[in-house]
Amino acid sequence: MKAASINDYRELARRRLPPFLFEYIDGGSYAEVTLRQNVADLEAVPLRQRVLRDVSDIDTSTTLFGQRLSMPVILAPIGLAGMNARRGESQAALAAENAGLPFCLSTLSVCPLAEVAGATKQPLWLQLYMIKDRGFMVALLAEAERLQCSTLVFTVDMPVPGSRYRDYRSGLAGASGVSGALRRFSQALAKPGWAWDVAINGRPHVLGNVAPVLGKSSGLEDFFAWMRNNFDARVSWADIEWLRAHWKGPLILKGILDPQDAIQAVCAGVDGIIVSNHGGRQLDGVLSSARALPLIADAVADQLTILADGGIRSGLDVVRMLSLGANAVLIGRAWVYALAAAGGAGVTHILNLMSAEMKVAMALTGVTRIDAINRDGIDSSRSTLLPQSATRIRTTQ
Ligand code: GLV
């Protein structure tokens with residue numbers, strides 16, 4: 001199959017990966033209502049077709065925290081991404097750099113920060129969780145500064161991990177020791193392309209940034225146990241001040257879904273927020289990103305940079321998110337499906353596809369510059385997202 005879309009890459013990834021990895025990327029928490037709603041709500045945003053506006057010269061570039069981006073898209077932090085292709089985070093970061101886009105490395109990556117920074121020239125973004133061991137955090141932040149990372153993304157919607165049934169069924173979670181290893185090994189045997197590329201030639205399979213503190217036992221089987229034991233559920237707004245003392249660059253909070261929290265983020269003095277429900281992987285049943293975004297934009301749009309993720313499966317979806325109020329978006333599953341299916345070349349392909357799709361969407365909605373995309377582009381008579389948003393935000397404040 002030749003992939004023409006992100007959904008095609010999803011299918012190719014499903015065929016190539018052992019189930020314990022595909023289900024981890026693809027799945028959400030509990031009944032996956034929010035996961036589905038992220039896609040469905042965004043897909044349903046009705047844009048207005050506008051005509052005769054000279055769309056011969058379309059520019060998708062934008063500036064974010066002083067950095068020029070070829071389009072308003074960032075590669076989101078994804079745990080274990082490096083298990084999907086040989087030294088996967090380094091391949092994807094290089095593809096992002098070649099496309100003129102930032103790459104955000106997860107704390108829970110396979111390749112350590114230094115390895116990815118060594119594979120690329122542009123400054124990386126780093127994602128951080130609040131870990132109980134503040135010494136670990138200080139060391140990682142110092143490493144980020146040493147390697148000239150430009151931007152810190154602090155994830156705030158995961159003080160504890162959500163329950164993801166698929167990971168239990170597939171053998172990624174809850175199957176430690178020999179029995180878990182055997183289950184994963186038998187899945188790997190059935191996927192020889194992946195086994196050769198990653199299982200044999202993609203070692204070491206450790207959480208690269210965490211390995212220095214976990215030592216020898218930083219293998220895959222420790223992934224969920226490590227999250228449960230080391231994420232700091234006491235994390236609070238007061239910790240933003242602590243972070244500020246250890247990080248001088250732009251600081252973004254990832255996982256804001258409520259306007260009151262967005263207002264608090266402004267008060268905390270952060271530079272940006274990411275409207276996100278963690279790809280439907282945390283609290284199931286919460287608002288989709290597309291529904292939450294206009295409410296939050298109404299509350300804080302002129303006070304900080306608003307990014308959003310969740311459900312983006314095309315360049316058309318990027319235009320929809322910008323119309324709802326985002327300055328830029330993060331894509332997660334999209335790049336990991338492509339990485340799993342075709343390595344760095346796959347990531348390059350979907351970024352090219354998204355850029356081309358964005359240009360067509362901009363042409364047909366009659367805009368030629370990113371800063372001209374706004375709510376005027378949405379057909380409010382058919383939208384179920386906008387009118388209620390305006391009313392609700394005014395009544396809750
Ligand atoms: C980690 O961020 C995850 O969602 O598994």
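Residues 24 or more positions apart account for 72% of the contacts with a separation of 6 or more in the protein chain; two residues are in contact if their C-beta atoms, placed from the backbone, lie within 7 Å. This is a predicted model, in which local features need pLDDT of at least 70, side-chain atom pairs count only at pLDDT 80 or more, and totals for chains, interfaces and linings use all residues. Residues are numbered from 1 along each chain as its sequence is written.

**Overall fold**

- The protein chain has 17 helices and 10 strands. Helices (H or I, at least four residues) and strands (E, at least two) are DSSP runs, numbered from the N terminus.
- The radius of gyration of the protein chain is 20 Å, close to the 21 Å that the globule rule gives for 397 residues, so the chain is as compact as a globular protein of that length. The radius is taken over C-alpha atoms, and the rule is 2.2 Å times the number of residues to the power 0.38.
- The C-alpha trace spans about 60 × 50 × 40 Å along its principal axes.
- Of the 397 residues, 48% are buried. Buried means that 20 or more other C-beta atoms lie within 10 Å of the residue's own; exposed means 12 or fewer, and partly exposed is in between, with C-beta atoms placed from the backbone.

**Nonpolar core**

- The largest nonpolar core holds 117 residues, and Ile296 and Val329 touch the most other members. Helix H16 (residues 333-365) gives the largest share of this core, 16 residues.
- Such a core is a set of buried Ala, Val, Leu, Ile, Met, Phe, Trp, Tyr and Cys residues joined through C-beta atoms within 7 Å.
- Not counting residues up to four places away in sequence, Val329 touches Pro72, Val73, Leu307, Ala308, Asp309, Ile312, Val318 and Met321.

**Helix packing**

- Two packed helices are described by the angle between their axes and the distance between the axes. Here axes are lines fitted to C-alpha atoms, for helices over the stretch in contact, and angles run from 0 to 180 degrees between N-to-C directions.
- Helix H13 (residues 259-268) packs on helix H14 (residues 289-300) at about 40°, with the axes 9 Å apart. Pro259, Ala262, Ile263 and Val266 of H13 meet Leu295, Ile296, Ala299 and Val300 of H14. By class, this contact has 8 nonpolar, no polar and no charged residues.
- Ala, Val, Leu, Ile, Met, Phe, Trp, Tyr, Cys and Pro count as nonpolar, Asp, Glu, Lys and Arg as charged, and the others, Gly among them, as polar.
- Helix H1 (residues 6-16) crosses H16 at roughly 115°, and their axes come within 7 Å. From H1 come Ile6, Tyr9, Arg10, Leu12, Ala13 and Arg16; from H16 come Ala334, Tyr337, Ala338, Ala340, Ala341, Gly346 and Ile350. The contact of H1 with H16 divides into 10 nonpolar, 1 polar and 2 charged residues.

**Backbone exceptions**

- Most residues other than glycine have a negative phi, and most peptide bonds are trans.
- Arg203 and Pro204 are joined by a cis peptide bond, with omega about 5°. Pro204 lies in the loop between helix H9 (192-200) and helix H10 (211-214).
- Phe65 has a positive phi, near 50°. Phe65 sits in the loop between strand S1 (62-64) and strand S2 (67-69). Phe65 is partly exposed, with 17 other C-beta atoms within 10 Å.
- Arg87 also has a positive phi, about 40°. Its place is the loop between strand S3 (73-75) and helix H4 (88-98). Arg87 counts as buried, with 22 C-beta neighbours inside 10 Å.

- Val367 is in the loop between H16 and helix H17 (386-396). Val367 is buried, with 22 other C-beta atoms within 10 Å. Val367 and Asp57 are 310 residues apart in sequence but 9.8 Å apart in space, C-alpha to C-alpha.
- Asp317 belongs to helix H15 (residues 315-324). Asp317 counts as buried, with 25 C-beta neighbours inside 10 Å. Asp317 and Glu43 are 274 residues apart in sequence and 6.9 Å apart in space, C-alpha to C-alpha. Beyond four places in sequence, Asp317 is in contact with Leu42, Gly311 and Ile312.
- Gln260 of helix H13 counts as exposed, with 12 C-beta neighbours inside 10 Å. Gln260 and Ile296 are 36 residues apart in sequence and 8.4 Å apart in space, C-alpha to C-alpha.
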